[in-house]
Amino acid sequence: MRIGEVAARTGISARMLRHYDALGLVRPSGRSSTGYRMYAEEDIRRIFHVESLRSLGLSLAEIGRALDDPSFAPDLLVADMIARSRERIRLETELLERLQHVAAAGAADWDRVLSVVALLTELDTGSPGARQLAALTADGRAPVDALTEALLREESTNVAGALRWALAQAGDPEPAPLIDALAFPDPTVRRRAAEALAEMPGQEDTLRAALDHEDAAVRVIAAVALGTRGDPAATPELLRMVRDGEKDVDAAEALGAIAAAAPDDEPISAELAAIADRTEDYAVRQRAVQALAEIPTAGAEAALRRLSTDADPRISSTAWFILQQSQRA
């Protein structure tokens, strides 16, 4: 079969077939009396094998080794191709994300584009100090989605705080990525998302839902944030925190904010007093008494007066001291 017929049958140009011949990849089995290349059926099959391997992304040199070297290991080659493809996809994905960030920043001129790219580079690859400085000096240059992504992957507490601040300065950041991150398997990511949502205005519904989260750290963050805003939905979790000694100082302050929002009808002082009465564990009782110091209501004062005569002198002295301090204030 002459080269033109092979090209018509295989869909491969005569020029490419000559290239294959020059490389020794697919050489025709013979020549006609006038010197034309003549291909046999075996040559056609090899051409199809070459095209199949090209479709996997192999180079022509790799294809030659695969077809001619009996010791060639296809599984190793395929594994290597998978690794290379994944790396290429990773790099392309990073490029796409960066382009989307630049577009989201509304970069209308090259100075703006270069400024955004420089900021994104610092957030991606800079040292912790450089990342923190980039966040604090973003000044609206960084797209909100880029700040959110940087926050969720950030390991440094200081840098994360700067990124939350930058998000707050961004105006009205989209909370959806942070809400989705509450379901991430990595607890650090969940905590970062909860901390950011706690500092965003208008996220009360999300924080209330987080009070039932399976991650205790998320529940604590949500409870303190809601309690600080005077939301009584956080009361049960905050009382548990006082009882269990988990950020009990923050919990007591948050309970005080809730009680102050409805001082004439607050059950918190009675609940704290009940915690002190229901256990003989001194540490638990002491935390409950100290939490009462943060409740600015008549109910809390009455509970402290009763506890100032408690049989445990450590409890009674603490309650008495709190009462004396409140009277001086």
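## Helix 1 and helix 2

Helix 1 and helix 2 are roughly perpendicular to each other (65 to 115 degrees). In this predicted model, local features need pLDDT of at least 70, and side-chain atom pairs count only at pLDDT 80 or more. Residues are numbered from 1 along each chain, and side-chain values use heavy atoms.

The axes of helix 1 (residues 3–10) and helix 2 (residues 14–23) cross at roughly 110° and come within 9 Å. Axes are lines fitted to C-alpha atoms over the stretch in contact, with angles from 0 to 180 degrees between N-to-C directions. Helices are DSSP runs (H or I, at least four residues). Ile 3, Val 6 and Ala 7 of helix 1 meet Ala 14, Leu 17 and Arg 18 of helix 2 (contact: heavy atoms within 4.5 Å).

## Helix 7 and helix 9

Helix 7 (residues 128–136) packs on helix 9 (residues 157–169) at about 15°, axes 8 Å apart. That makes the helix 7 and helix 9 pair roughly parallel (under 35 degrees).

## Nonpolar cores

The largest nonpolar core has 66 residues. Such a core joins buried Ala, Val, Leu, Ile, Met, Phe, Trp, Tyr and Cys through side-chain atoms within 4.5 Å; buried means under 20% relative accessible area (1.4 Å probe, protein chains only). Leu 163, Leu 178, Leu 238, Leu 255 and Leu 272 touch the most other members. Helix 13 (residues 216–228) supplies the largest share, eight residues.

A second, separate core of 17 residues includes Val 6, Tyr 20, Leu 58 and Leu 77.

Terms used
Buried means under 20% relative accessible area, exposed over 50%, partly exposed in between (1.4 Å probe, protein chains only). Helices (H or I, at least four residues) and strands (E, at least two) are DSSP runs, numbered from the N terminus. Angles under 35 degrees count as roughly parallel, over 145 as roughly antiparallel, 65 to 115 as roughly perpendicular and the rest as oblique.
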